[in-house]
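Hi,

Here is the model I said I would pass on.

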Amino acid sequence: MDNFPVFSVAILTPLLAACLLYLPQFQRKIRAVSLLASGISFLLCLDISRRVMGSGPIAESWTSLIAGANHTLFSADALTAIPMALFAALTIVIISAAPQRDMNPKMAAAMLIILSSTLTAYAAENLIILLVGWTVNGIAFLAVGNRKTALPKVLLFLGFLCLAIGIGFMGRDGIKAGLAAPWSIADLRTLDAPGGGIAFFFLILAVLLHKGIIPAHTWVIASFDRGPLLHAGLLMNAHLGLFLMLRVIIPLLPQYSFDHAAFTSNIALITAAYTALIAISERQPRRLLALITLSQASSILASVKSMNVEGTTGALLQWMVVATATTGLISIYRAIEARIGEDISISKFMGLASSMPRLAVFFAICGLALVGIPGTLGFIAEDLLLQGTLKSNPTIGILLPVATALNAIHIFRLFSRLFLGSKGPQVSIPDALPRERVVLAACVLFLILGGLVPQWFVNLRISASDATSAIESSVGVDVD
Amino acid sequence: MENLVLIILLTPGVIFLGLSFLWLCGWTIRERPVASLTAGAYAFTFMVSVTLAVRMFLSDVKSIELSFGNWFTLHEYTFPLVIAVDELSLPLMILTIVLVGIVGVFSSRYLHREKGFQRFFLLLHLFAFGSLLIFSAGSLEMLVGGWELVGITSVLLIAFFHQRPDPVRCAMRVFVTYRGCDIGLLVAVFVLHHSIGTAVFSGLFSGNWPDQTFMGSGGVALTGGLLLLAAASGKSAQFPFSSWLPRAMEGPTPSSAIFYGAISVHAGAYLLLRFQPLIAASDIASIAVITVGLITALSATVIGRACTDIKTSLSYAVMTQVGLIFIEIGAGWKMLALIHIISHATLRTLQFLRAPSILRDFYETWNAVGGEMAPTGVHYEKIFPISVQNWLYRFALERGHQDALLDLYLIGPVSRLSAWLNRHEYHLTPSRMQSFTPAQVPPIMMEERTPDAAGRRIDG
């Protein structure tokens, strides 16, 4: 069983399923095939997580294919294993909750390719594979995106270009140093700052572009507003920019990383506050969801760069919270669009709670968890984020609680405008369907369990934050 | 005694979880079992709390601190689960149990056949759990947990009649105020944690309440005191955050009684009373607490005189008394403040619960005395010149100009800045819905101004 190519199967199964969806015999079973493929991926990722948590990092090599040499292509450690399982689970949520109109072969295939490419990027032990995963991820989204919007294309392409240049400079140093595998992350760690300042500059630029940090936030807004919402949510919740920071930039370029930590942290905090500020005057729910997601996601990056254990663990927990809660919110909002049409404005009260009480409750819990209400994992994550960020950055750090408070107001405003304030539509509108109910209940259960037994969730992420802290200690940063 | 404390704290929480589970499973429980369960649970909890008080008194125990380890640990950073019951918290816990029980019994008739009957009781139990958590918390982190639960239940109950827009708008206003002021509490946790190393009360103060001393420096006392004052002012509707309280009267009368007459509105005063040793360690913080209380008491009593409906009048009367309690805390009169909180909460609960029957009560009294009722109150404002009286009347009618000032100097500029920035965002990324532009009058302001502009009464 140890020789079973678990990574490859987890990555290739959704890819294969995406191809199968175009065959005529599977056209009427799109959701079933998609769920089966993502379910297999999820179970395999869960197994990877179990093995990593039990006995440390695991890897997969493709010896026979590449000239007999033993090349490690995929690996998982405490940092990557949990996000892999989480992302596969969130894809299942999205596929289950997606309305029928989003379940055509093209849209479903795009979801599966996003899953496959994200897992590829997460598990990549080799920078070229990471680049491939990152690129395919963006292409899959753009393939189903609104063709009239150039902004996401331009900014995602710029992000890819920056990543390619940064990786190129790192690989060049690997080749110069005579490494057997010049693109291997493990091998590059033996060098002192591979790629140097130029690689760092381009990689940071790739992170900022992909995470939608000011001024690149516009692609996220455009994607949520004009693109396919569920795919935009998946793309955003992959948090590949954050992952690049934790997997490549901090371990390979620790000194550069910490020399410029204040810049990254400050610009992320400013993004969190700015997006929360402009959301005050936003009346379009899709754009409002984009701004809230951006604001909360930016706080993760700010906290990763706080250079202390509380901040890093808080960021890793917040990653789980933002991904789960926003997936729930986006799925619910898309379900509403499927029922009452896409031209929704929150200028007026819609009173949907009378027709959709269960969706209203799911929306409220996901929203409140996102902004850190007690009894949910969000409360723990916010507590650690605040401690970490204010400790390292007490002046600009104050923007974090301000942004969170504003986001809570936005969530309540969106909830009240969608679900409260009037008697609602006079026609019968279905509440949560069984398939929606099951996956949304799972999201809510995850968020609440995290709030009731947080130690288990903290333990899941503590090894990853310890690893980051060890790197910080090695360059003389006081992690306490 | 430890078990008794746990029974008191957990009973409402367990009932909430049980009822929620049944509701989520689609089982609607009939009114009578819900009412009986509520009455029985709070009668039982009351007996347990009295037993606890008697046993503490007989064994001369000043305080009980229960530690359940850490909720979570992250190397040196811990989130301690500490429950503390002392001479400050126990009376307020008993008060909460008694008043929630009374309101529960009252509501079972008042909300009879109301569509949201079960929802009201769910939120009432969650509120009771949150309040007991605030009063029994042994650390500021746990207090924050209860504080947030009370805040969210408060907002959800204001929007109880959710099919009308006004209650939802008012709930929004209250939520904005709560979340804004809660920043003070969250930052205070950080300040105490990183300056003293803990936010557990036994680590912050030496001795037993009311003879405690703060163990930190004057600088921490000043910063922490001002942050806590901001949080307490928001929760207790003190200047400059008092304008939400009349709006909160949109909720059903029983919730107004328990939240804004009794427990929730005094949570801020309790916070300051709990941290009084910290406030006393800084003269500036003490003066700030007194000043806020004084301004609120004076303005609220003037405004209350011009109110024409009972619930609004009561809300300003509440503000006045809570303002006086703030003054007492700032001056260091701790025991007086505690007695004031308990007596005030009890009286206001009665007044709020009788508010829907005020006309009936008035005519009963009027008939009983044969129509010869003496005028009530003394109009001290008559000692002022007529121009000052006119100014005061205008001041009262405009509710102390607080909304106008907040709109003018805070909400207005922020909303306009937001709309201006968002218009540029729309230029960069036009909406797929061509008719969409960012709000010209930003939504938060619209929500607040619409009722006033239409001349409608928004407060009860």
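In which loop of chain B is B:His75 found? B:His75 sits in the loop between E1 and E2 of chain B; helices (H or I, at least four residues) and strands (E, at least two) are DSSP runs, numbered from the N terminus. Before going on, some ground rules: this is a predicted model, local features need pLDDT of at least 70, side-chain atom pairs count only at pLDDT 80 or more, and totals for chains, interfaces and linings use all residues. Residues are numbered from 1 along each chain as its sequence is written, while chains are lettered from A and ligands numbered from 1 in the order in which they are written.

B:His75 is not a glycine, yet its phi is positive, about 55 degrees. B:His75 has 15 other C-beta atoms within 10 Å and so is partly exposed (buried takes 20 or more other C-beta atoms within 10 Å, exposed 12 or fewer, partly exposed is in between, and C-beta atoms are placed from the backbone). A:Ala193, in the loop between helix H7 (185-188) and H8 of chain A, also has a positive phi, near 50 degrees. A:Ala193 counts as partly exposed, with 17 C-beta neighbours inside 10 Å. There are cis peptide bonds to look at too: A:Ile214 to A:Pro215, with omega about 5 degrees, and B:Trp209 to B:Pro210, with omega near 5 degrees. A:Pro215 is in the loop between helix H8 (196-211) and H9 of chain A, and B:Pro210 is in the loop between strand E3 (205-206) and strand E4 (213-214) of chain B. For context, most residues other than glycine have a negative phi, and most peptide bonds are trans.

Next, helix H9 (residues 217-226) of chain A: nine of its ten residues are buried.

On helix packing, the axes of H16 (residues 357-370) and H19 (residues 434-452) of chain A come within 10 Å and cross at roughly 30 degrees. (Axes are lines fitted to C-alpha atoms, for helices over the stretch in contact, and angles run from 0 to 180 degrees between N-to-C directions.) H16(A) and H19(A) are therefore roughly parallel, a label for angles under 35 degrees, with over 145 roughly antiparallel, 65 to 115 roughly perpendicular and the rest oblique. Residues that meet here include A:Cys366 in H16(A) and A:Cys443, A:Val444 and A:Leu447 in H19(A); contact means C-beta atoms, placed from the backbone, within 7 Å. A:Cys366 also touches A:Ala325, A:Gly328 and A:Leu329, not counting residues up to four places away in sequence.

In chain B, H11 (residues 264-274) and H14 (residues 310-331) have axes that come within 10 Å and cross at roughly 5 degrees, which makes H11(B) roughly parallel to H14(B).

Finally, the chain contact: 47 residues of chain B are in contact with 48 residues of chain A. H6(B) gives the most to the chain B side, with 14 residues. That side has 28 nonpolar, 13 polar and six charged residues (Ala, Val, Leu, Ile, Met, Phe, Trp, Tyr, Cys and Pro count as nonpolar, Asp, Glu, Lys and Arg as charged, and the others, Gly among them, as polar).

Cheers

Technical notes: Contact = placed C-beta atoms within 7 Å.
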